[in-house]
Amino acid sequence: MSRFFATGSDSESEESSSADEITPKAPGTTFKQSLLLSDDEEDTKRVVRSAKDKRFEELTNLIKTIRNAMKIRDMAKCLEEFEQLCRAFLKSKNIVDKEGVPPFYIRLLADLEDYLNQLWEDKEGKKKMNKNNAKALSTLRQKIRKYNRDYETEIAAYKENPQESADEEEEKEQGDSGSSSDSDDEAGDEGVSAKSFLKKKPEPTSEANKFLKTEKGSGDESSSSDDDDDEDWGSDSVDSGSESSDDGEEKSSSLATVFLKKTQDSDKPSEKKLGKKKKPKKKERLEEEAEEEGGEEVEGGWEKVKGGAPMVKPKMFAKGTEINIPVVVKKLNEILQARGKKGTDRAAQIELLHALANIANENNLGQGILVKIKFNIIASLYDYNPNLAAFMKPDMWKKCLDCIDELLDILFEYNNIFIGENIAEDSESLAVSDQPFRVRGCILTLVERMDEEFTKIMQNTDPHSQEYVDNLKDEGHVCGIIDRLLNYMETKGSTEEICRIYLRRIMHTYYKFDYKAHRRSLGLQGETKSEQDQEESEGEDSAVIMDRLCKFIYAKDRTDRIRTCAILCHIYHHALHSRWYQARDLMLMSHLQDNIQHADPPVQILYNRTMVQLGICAFRQGMIKDAHNALLDIQSSGRAKELLGQGLLMRNMQERNAEQEKIEKRRQVPFHMHINLELLECVYLVSAMLLEIPYMAAHEFDARRRMISKQFHHQLRVGERQPLLGPPESMREHVVAASKAMKMGDWRTCHSFIINEKMNSKVWDLFPETQRVREMLVRKIQEESLRTYLFTYSSVYDSISMQTLSEMFELEIPTVHSIISKMIINEELMASLDQPTQTVVMHRTEPTSLQNMALQLAEKLGSLVENNERVFDLKQGVYGGYFNRDQKGGYQQNKSYQRDNHQKGGYQRKEGGYNRGGYRNQNQSNY
């Protein structure tokens, strides 16, 4: 039956249609009146409405459209309709000036602003928006904030007491409708009007929440009429009710019918809307469940069930059932059938498997079936988190470690159990007999997965919390399990499996500094007092363990990946313990740098970490050039943090989407394996300073001078651009200040900037052999400052005593002699040594500043002319053709640029020392 005929019979409708009434419409559409006419009077009757009614009706229609768009999160539609609403409100300015700003308009502005703020704070929701909606949300939020400034007082008053604001709006509506409609007066005489009966009472809370969250059923009429769609149904029902009644009794009866009709019919659209809305958050869902429980207690007899397909817990065994291996295997398969299905309670499944293991153990069914159940328990623990990115909870992690320990105990105790992935389920031998047990499964895969889970736990724990330290203590347990499995595999595993477990052991060893071996090498092992320390110090060195495991992989492994990882870990361990030559030779012999770009990202991260450690090792040994070369690629990229797997840099969504970001996060190295990035940058900048400053002094006037380190030059430029130079604060500022001092040959100032309390605490104290590194640095600073001083001030001296240089730079005379001799041999310094007097005699062969500038100008002019000639040749099509005498035009003998016909070159010095290739012999036909 149509909703227009729900309130009375046909005769009642005909009687009521003869009366001309203007009846109120929906409760939410304020100041709006509509005229309902019968069919036979439709062409002849006209309704005259005031300008105020027309304007307000237009506003309420737009507000209704905006609210509908808010419900479905259509931000583009919201923006479009809000702009139309602003234009319509501007048209109504004259009416608004007389009547004041309508409350329903203020109410919308306040609700819309709250709604947009909540959407803006919902980061997950914003990520799921499409591009148009996200852009519209940002634009609309800015517009509404700017627009609401003009109505701050009205909005504040509404927010302080939304109930009173709504009541004022209601009274105003009733007053307007009473003055403009006779039918409302008649209804008022009866004491109850349709509008006042169905009028919505707004709740004190803002309506913005209604659009973001699922509506909650409250059971009373006032809360069920919050939806605007319900209001539309109610208004139509009221219209039909007012058409079908003339006297008061008929009105009151029809209103009751309308009320019932509305509650029945409005369920369907509200249910549809609920289905479309976003799922409520966990907190609200708990509140809803609590409310539902409260309602159920009143009604009684109802039971709350979990969503999804309910898991039917299989009963273990009926009374009197004989417990044997086939029965237990059948029950095990029943439990495993629920694995992976929707609605399966994974925790209950694990409990059932534990119970089954206990039953098998109590009935002495043998270790074969127990091992099979243990395999499935561990697999179920891994499956407890279906999401690959999620990590195991602490209780599940402890259960997993204990279960693997129990499994290894069984395997070590009973040598007649054979396990392997290649054993088919049909060929399993689980019964107790003279034959050995055969069980399908791979303990190595379970331990590898356990190791990966440990890494995920460390990646997802805050590294600066106590929880991280507590989780890190489990590494000893993990390494113990790997060691036990390693011993088991050495007796029963294949070569490939042994290589895999060896690599796991290597990955837990290579990044750890062996302090006990270091103390033994220094002869300090007698200082350890406790027995436990004595036992540990007598154990095998990590270097010996690494050497044994890696060499086995080098000889036996058939896969490139495992061997590559083993080589890189071995190099890293050598470099960490200052075995520079072994690490360098192994890196050069492996030729990994040639094809590492084809490896997968985790191996590339390991390669980058190894190269960085190699560079730091070279620096500690005083190999400054090698250290700079090793660190150059990582530091020059500006992405050291990302290349070392120690964090992600901020990038645009175009370069990396959310899925790629998740993948890259899973590749990150746990915090306890990080390399200090500030130490790394300091080592690189100090190395660059020791190489670059003498080079800059030697090639001060060289136009073709190249940069050794771009990053170092960038730091120097940043320091020069600063308008006010104060004492250095950061590590970079210390290096820049030291560089300026070294440029002047002032090694003491340079030394004070590089080695001081602040730099010691930030960088130098982090090295194992701190004092040796500092001494090496002082020596390098003295030597390079001496070289820089000679390059800079050699033109000032005729001769200088080596004794003076030795005292200035606090170096031994043989060291000064050695440095100056190398500079003379390499033709860096034009001088000679006078042995009897121990002086350095300077040769005046260096050009003056003016001569240097003239040489640079001549060189640049020569290259300019040469470039001109090449361009002209390309246009003519003949390379070198215009030097030919037979060519018409061009540079011929009488029209040439040559300064002297007898001179064979362009700008040539008669001594033959300075020759530029810009101009060629005229007899020469080509270049």
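This predicted model holds 18 aromatic pairs.

Now turn to Phe619 and Trp764. Phe619 is part of helix α32 (residues 601-620), and Trp764 is in the loop between α40 (757-762) and α41 (770-793), so the pair ties together parts that are 145 residues apart in sequence. Phe619 has a relative accessible area of 0%, so Phe619 counts as buried. Trp764 is buried too, with a relative accessible area of 0%.

What does Ile443 touch, leaving aside residues up to four places away in sequence? Its partners are Phe375, Leu407, Leu408, Ile419, Leu485 and Met489.

Phe82, Phe89, Tyr105, Tyr147 and Tyr151 make up one aromatic cluster. Other rings carry a lysine over the face. Lys126 lies over Trp120, at 3.8 Å from the ring centre. Lys492 lies over Phe418, at 5.3 Å from the ring centre.

Next, the cysteines. How many disulfides does the structure hold? It holds zero. Cys565 shows the spacing: the nearest cysteine sulfur belongs to Cys569 and is 6.4 Å away. A disulfide would need the sulfur atoms within 2.5 Å. Cys565 has 5% relative accessibility and therefore counts as buried. Cys682 is buried as well, at 0% relative accessibility.

Two loop residues have backbone angles to note. Ser578 has a phi near 65°, a positive value in a residue other than glycine. Ser578 lies in the loop between α29 and α30 (580-590). Its relative accessible area is 22%, so Ser578 is partly exposed. Glu810 also has a positive phi, near 55°, and is likewise a residue other than glycine. Glu810 is in the loop between α42 (802-809) and α43 (813-825). With a relative accessible area of 45%, Glu810 is partly exposed.

Finally, confidence. The protein averages a pLDDT of 76, and 70% of the residues score at least 70. Where is confidence highest, and where is it lowest? It is highest in α32, at 95, and lowest in helix α13 (residues 221-224), at a mean of 39. Residues 1-44 have a pLDDT below 50, yet this stretch has 96 contacts in the model beyond near neighbours in sequence. Residues 288-301 also have a pLDDT below 50, with eight contacts beyond near neighbours in sequence. Where pLDDT is low, predicted coordinates should not be read in detail.

Notes
Residues numbered from 1 in each chain as written. Predicted model: local features only at pLDDT ≥ 70, side-chain atom pairs only at ≥ 80, totals over all residues. Heavy atoms only, no water. Phe/Tyr/Trp six-rings, centres within 6.5 Å; stacked < 30°, edge-to-face > 60°. Helix = DSSP H or I, 4+ residues; strand = E, 2+ residues; numbered from the N terminus. Buried < 20%, exposed > 50% of the residue type's maximum accessible area, 1.4 Å probe, protein only. Lys NZ or Arg CZ within 6 Å of the ring centre and 35° of its normal. pLDDT = per-residue confidence, 0-100. Contact = heavy atoms within 4.5 Å.
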